[in-house]
Amino acid sequence: MWVEILCGLVIFRLLKSFFYDEDVLDVEASNSNALFSVADRLEKLYGGKAYVGLRIPDADTGSRQNIDMVLVTKGDAAVISVKNLSGFVSVNADGSWVCEGGSKHKAEHLPDPVAETKKQASILESYLEQRGVALPEGYLSCKVVLPNPKLHTIPSGHFPSEVITHDQWVQLKPEPKSMFSGWIKGAFRGGKSGGKKEMQESIHQNLNFILSTAPMWDRLELKGKKYVLGEFLEFKGKQEDINALKNIKRSKVSRLIIQKTSMFGLAHSTLQVLYSPRDYRSEGASASEWNEVTVRSSTEVLFQPDNSTKVRKFKLSSIISLSLSA
């Protein structure tokens with residue numbers, strides 16, 4: 001009887017690991033998913049481009065400042081902090097927040113999120129100036145978004161104006177002339193309209209180029225529209241597969257895509273890895289620029305998620321794409 005139970009447990013574990021990818025489950029509630037969900041909705045509402053997971057060098061400290069996202073539209077830009085909190089949140093007199101009753105089952109204390117986001121904006125402005133772009137006064141704004149429907153807050157009027165509660169978030173509507181329902185005032189006032197338009201277009205173009213080439217976290221896209229931000233470390237697997245993947249280095253490759261190939265039994269025995277060479281002259285690679293290799297589906301990716309001390313292993317079979325920062 002005990003032998004049958006043990007055999008059953010072994011078979012259950014094998015089937016679970018075979019059919020049910022725990023790597024995906026572990027990041028189901030990841031904050032990264034909230035970031036990309038917010039970015040996607042903002043782009044749909046207001047157009048422009050959202051740059052997610054930036055790591056901007058801070059000249060004063062010599063470290064890198066993590067910025068959740070920067071949304072760039074025509075004539076405006078915003079540094080946005082996303083707090084995927086659940087439970088009950090309140091604001092202290094010093095601006096710090098206390099969140100209780102959430103997923104962590106204990107009170108969580110957060111330094112003033114608005115002050116932190118304003119600091120991030122200041123560091124970003126300094127970084128842009130170092131790269132040759134000086135933003136006009138009022139061009140860059142700050143917002144803190146609370147997108148989690150499981151968060152219960154004090155009345156929105158008690159929050160600073162920079163905070164967008166969940167109730168406000170779901171009611172946002174497109175504003176053709178000013179994004180974020182009037183969050184940002186016009187950056188250009190006075191002067192000839194022709195010169196203003198040229199200056200605005202120049203800043204918009206340069207800002208997009210700088211942010212597209214700025215340091216940022218590597219990005220894993222997993223099945224089920226799940227994302228993980230962090231740092232790609234290496235591949236693990238059979239030596240033959242590692243040799244086939246040796247050309248995939250962040251200095252040479254910007255993105256790779258995983259595709260299914262042959263079948264053996266009930267699972268794909270091999271996977272096709274398409275990867276594009278890094279090229280700062282264009283935003284993407286054409287079909288002719290993609291290279292490909294075929295490796296075993298058991299090959300794994302070692303990845304260090306941001307805000308985590310644990311190195312994670314992800315099977316290639318659970319990955320849709322991997323974007324590498326320069």
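**Entry 1: a salt bridge**

Which side chain meets arginine 296 in a salt bridge? I looked it up and found glutamate 240, at 3.5 Å, N to O. I note the criterion: a side-chain nitrogen of Lys or Arg lies within 4 Å of a carboxyl oxygen of Asp or Glu. Arginine 296 lies in strand β16 (residues 291-296) and glutamate 240 in helix α8, so the pair ties together parts that are 56 residues apart in sequence. Salt bridges with shared partners join Glu240, Asp241 and Arg296 into one network.

I record here that the model is predicted: local features need pLDDT of at least 70, side-chain atom pairs count only at pLDDT 80 or more, and totals for chains, interfaces and linings use all residues. Residues are numbered from 1 along each chain as its sequence is written, and side-chain values use heavy atoms, with hydrogens and water left out.

For accessibility, buried means under 20% relative accessible area, exposed means over 50%, and partly exposed is in between (1.4 Å probe, protein chains only). Arginine 296 is partly exposed, with a relative accessible area of 31%. Glutamate 240 is exposed, at 57%.

**Entry 2: further salt bridges**

How many salt bridges does the structure hold? I find 6. Side chains of opposite charge can pair when their charged atoms come close.

One of them joins aspartate 218 and arginine 250 at 2.6 Å, N to O. This pair links distant parts of the chain: aspartate 218 is in strand β10 (residues 218-222), and arginine 250 is in the loop between α8 (239-244) and β12 (253-260), 32 residues apart. Aspartate 218 is buried, with a relative accessible area of 2%, whereas arginine 250 is partly exposed, at 28%.

Glutamate 234 and lysine 236 also meet in a salt bridge, at 3.8 Å, N to O. Glutamate 234 is partly exposed, with a relative accessible area of 35%, and lysine 236 is partly exposed, at 38%.

**Entry 3: the sheet of 8 strands**

I next followed the strands. Strands of a sheet pair through backbone hydrogen bonds, either parallel or antiparallel. I count two strands as paired if DSSP finds at least two bridges between them. An open sheet of 8 strands has the order β16-β15-β12-β19-β10-β11-β17-β18, with antiparallel pairing. Its edge strands are β16 and β18, each of which pairs on one side only. The twist averages 35° from one strand to the next; axes are lines fitted to C-alpha atoms, for helices over the stretch in contact, and angles run from 0 to 180 degrees between N-to-C directions.

Strands β11 and β17 run antiparallel and are joined by 6 bridges. Lysine 236 stands opposite glutamate 300 in β17. Helix α3 lies across β10 and β11, running at about 125° to β11; contact means heavy atoms within 4.5 Å.

**Entry 4: aromatic pairs**

My search of the whole structure finds 4 aromatic pairs. Rings of Phe, Tyr and Trp (its six-membered ring) pair if their centres lie within 6.5 Å; planes under 30 degrees apart count as stacked, over 60 as edge-to-face and the rest as tilted. The rings of phenylalanine 36 and tyrosine 227 have centres 4.2 Å apart and planes at 25°, so this pair is stacked. Phenylalanine 36 lies in helix α3 (residues 31-46) and tyrosine 227 in strand β11 (residues 226-236), so the pair ties together parts 191 residues apart in sequence. Both phenylalanine 36 and tyrosine 227 are buried.

**Entry 5: strand β3**

Is strand β3 largely enclosed or open? I find 7 of the 7 residues of β3 (residues 76-82) buried, so the strand is largely enclosed by the rest of the structure. On one side Asp76, Ala78, Ile80 and Val82 are buried, and on the other Ala77, Val79 and Ser81.

Strand β2 (residues 64-73) runs antiparallel to β3, and 5 bridges join them. β2 and β3 form a hairpin with 2 residues between them; glycine 75 in the turn has a positive phi of about 85°. Strand β7 (residues 140-145) runs parallel to β3, joined by 6 bridges. Valine 79 stands opposite cysteine 142 in β7.

Note on methods
Helices (H or I, at least four residues) and strands (E, at least two) are DSSP runs, numbered from the N terminus.
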